[in-house]
Structures are given as structure tokens and as C-alpha cells.
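Welcome! Please take a moment to look over the sequence and the 3D view below before reading on.

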Amino acid sequence: PVEHTFATIKPDALEEHRDEIMERIQAAGFTISQIKETRLSQEMAEEFYKEHKGKPFFDQLINYMCRGPCLMMILSKENAVQEWRALMGPTDPTEAQTSSPDSLRSLFANSVLQNAVHGSSNLNQAQEKIKFIFGDIELEKANNES
Ligand code: CMP
């Protein structure tokens, strides 16, 4: 069954590597079901990353995500959540460079903070972020339908 995940190209990566990242997403076989370029307000960024509130890097993370537009996407394919996480690679690009040299973070991230892309960890988080960014939309064979 088709699965839908939520993905973001972060501001620095969108400015510097947009086309290369989009080509790799297409080449990996994802369907882009929704796409929207948005500059997050501070309030939206804090809500988006609410699970990281209180962490030492939280304020830096909010600043980073608000510095320019992000590209928000719903990516669809079989096993999309795990497939997108694999294409991104680990959070920390130095780790990505050793464990998954072809991943987006290995290729395009500048640091553990400025790590180019975001993706949901599981289906619940994907649905929550999809609703937050795209509202109540209809998706073909939506998550959790069997
Ligand atoms: P993301 O996968 O979007 O989820 C949370 C983000 O916080 C992460 O990508 C990074 O941008 C950032 N982040 C995670 N860990 C750290 C860290 N140790 N130091 C700085 N930023 C981090």
C-alpha cells in the first residue's frame, strides 16, 4: 500500500541545492503528492518542533528554520516513512558521510543543526505534520487505512 510521509527541505539547502535534492527525490521513486514553499514564523517553527522544546539547540533550531523559506512536501510511495529516512541519512552529517555516503545529509548538510532536510519518524508524526502544514486534505489510500 502507498504510504505518505512529511518532508522538508530546510532554508539553506533550498537556496543552495534545491534542484539536486528534487532530482534525488524523483530518482528514488517518490510521488510528490503536495508541495508548498513556506517561510515559517517563529510561532509556527516552535509548534513544528515542539517535541524538541527545552533542548540546548532549540533556539538555534528555530532561528535556522525561520531564516528563509522551506519547501514542505508530502512524499508518497510504499514504505515512504522509512524510505525517506534512508534517503535523508542520519541527523549528523559526519555520521551520514561514513554510514550512508549517498544520502542527502551526507551530500548537502553543513552540520548537525544545518542538516538540509527533515522527515517524520513515524506515521503518526507524519499525519500530524501534514495536518499542521497542509490542513485537512484528502490523500489517496491515506495512512492507517488498510
Ligand atoms: P530534524 O530531523 O529536522 O529534527 C530536529 C532538528 O534539530 C534536527 O533535524 C537538526 O536540525 C537539529 N538538531 C538535532 N540534534 C542537534 C544537535 N545535537 N545540535 C544542534 N542541532 C541539532
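This is a predicted model: local features need pLDDT of at least 70, side-chain atom pairs count only at pLDDT 80 or more; totals for chains, interfaces and linings use all residues.

**Around the ligand**

Let us begin with the place where the ligand is found: the ligand sits in the largest pocket. Its shell is made up of Lys10, Tyr49, His52, Phe57, Leu61, Thr91, Arg105, Val112, Leu113, Asn115 and His118. By type, five residues of this shell are nonpolar, four are polar and two are charged.

| Residue | Atom on the protein side | Distance to a ligand oxygen atom |
|---|---|---|
| Lys10 | polar side-chain atom | 2.8 Å |
| Arg105 | N or O atom in the side chain | 3.1 Å |
| Leu113 | polar backbone atom | 2.8 Å |

The ligand taken alone exposes 460 Å², and the protein buries 79% of that area.

**A stop at Ser100**

Now for the serine. Where does Ser100 lie? Its place is the loop that runs between helix H5 (93-99) and helix H6 (104-108). The side chain of Ser100 makes a polar contact of 3.3 Å with the side chain of Ser99. When neighbours within four places in sequence are left aside, Ser100 is in contact with Gly89, Pro90, Glu95 and Ser106.

Key:
Residues are numbered from 1 along each chain as its sequence is written. Side-chain values use heavy atoms; hydrogens and water are left out. A residue is near a molecule or strand if one of its heavy atoms lies within 4 Å of it. A polar contact is a pair of N or O atoms within 3.5 Å; within protein, one must be able to donate a hydrogen and the other to accept it, and residues adjacent in sequence count only if both atoms are side-chain atoms. Accessible areas come from the Shrake-Rupley method with a 1.4 Å probe; for residues, only the protein chains shown count as cover. On a 1 Å grid over the protein atoms alone, a cavity is a set of points where a 1.4 Å probe fits but cannot get out, and a pocket is an open set with protein on both sides within 12 Å along at least five of seven lines; lining residues have an atom within 4 Å of a point. A molecule sits in a cavity or pocket if more than half of its atoms lie within 2 Å of its grid points. Ala, Val, Leu, Ile, Met, Phe, Trp, Tyr, Cys and Pro count as nonpolar, Asp, Glu, Lys and Arg as charged, and the others, Gly among them, as polar. Helices (H or I, at least four residues) and strands (E, at least two) are DSSP runs, numbered from the N terminus. Contact means heavy atoms within 4.5 Å.
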